[in-house]
Amino acid sequence: MSKNEKSKAPKVTVKAVDGLTYADQMAAKYIKDHGIFICSKCRPDSENEEGWKKEWAINMDRGLEASRFVSMLGFIPFCPHIYATQFLDEREEDEREMGIRIGQAWLKLCKELWIFGYAGTASISKGMRAEIHMAKNHGIPIKCFPEPQVFFDLVNSKTSKMDEKEGYKYLMGIIEKSVYKSGAEQAPVYGLIIREEDSEGSGDE
């Protein structure tokens, strides 16, 4: 093709609809189809500095592991507390509120809310309850999971017979078929659908 022929290529004009270009709309749709909001504990309960730092590290690790798990399943993880705490101070209430607002904006975009570290109502903190209620108000499905490491161990146990990709596909099959079972708080839960009373935990933050 000559230089002149190349210059005759038609120009593509993208029109904005409701303030969004077509590309913006497609991106938003992709997030709505694949975005998973990760709901897990952020603020530590400990009142002493050493305990606070230890619990903080555990909570951040849980968020990171949950994000990896969600990614390996082919979804897009949205975990605001491992993002916002990189530039906002969790101990300063006004900055904490900024982080919460960031999370609320993300949540509205997502397909589902997944709770990690679920071990019954006592494991649902005040901050997590707020996210759960917001998800319910916006008709966003909610699922509960134990610690992310439970799933990594399960996948590892399967990879002796299948590759890692197949292991996660197997796990996704379990999650998609999950339903709530009475007394599941005492048993491993995979994709447990939360009940109304399960969002009334007694955690402080």
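Buried means under 20% relative accessible area, exposed means over 50%, and partly exposed lies in between (1.4 Å probe, protein chains only). The model is predicted: local features need pLDDT of at least 70, side-chain atom pairs count only at pLDDT 80 or more, and totals for chains, interfaces and linings use all residues. Residues are numbered from 1 along each chain as its sequence is written, and side-chain values use heavy atoms, with hydrogens and water left out.

**View 1. Lys 53 and Glu 49 form a salt bridge.** A salt bridge is a side-chain nitrogen of Lys or Arg within 4 Å of a carboxyl oxygen of Asp or Glu. Here the closest N and O atoms are 3.8 Å apart. The two residues are four apart in helix H3, which means a separation of about one helical turn. Helices (H or I, at least four residues) and strands (E, at least two) are DSSP runs, numbered from the N terminus. Glu 49 is partly exposed, at 39% relative accessibility.

**View 2. Lys 143 pairs with Glu 112 in a salt bridge.** Their closest N and O atoms lie 3.7 Å apart. This pair links distant parts of the chain, 31 residues apart: Lys 143 is in strand E4 (residues 142–144) and Glu 112 in strand E3 (residues 112–115). Lys 143 is buried, with a relative accessible area of 13%; Glu 112 is also buried, with 11%.

View 3. Between Glu 93 and Arg 43, the closest N and O atoms are 2.9 Å apart. Glu 93 lies in helix H5 and Arg 43 in the loop between E1 and H3, so this pair ties together parts that are 50 residues apart in sequence.

**View 4. The side chains of Lys 41 and Asp 45 make a polar contact (2.3 Å).** A polar contact is a pair of N or O atoms within 3.5 Å; within protein, one must be able to donate a hydrogen and the other to accept it, and residues adjacent in sequence count only if both atoms are side-chain atoms. Lys 41 lies in the loop between strand E1 (35–39) and helix H3 (49–72). Its relative accessible area is 17%, so Lys 41 is buried.
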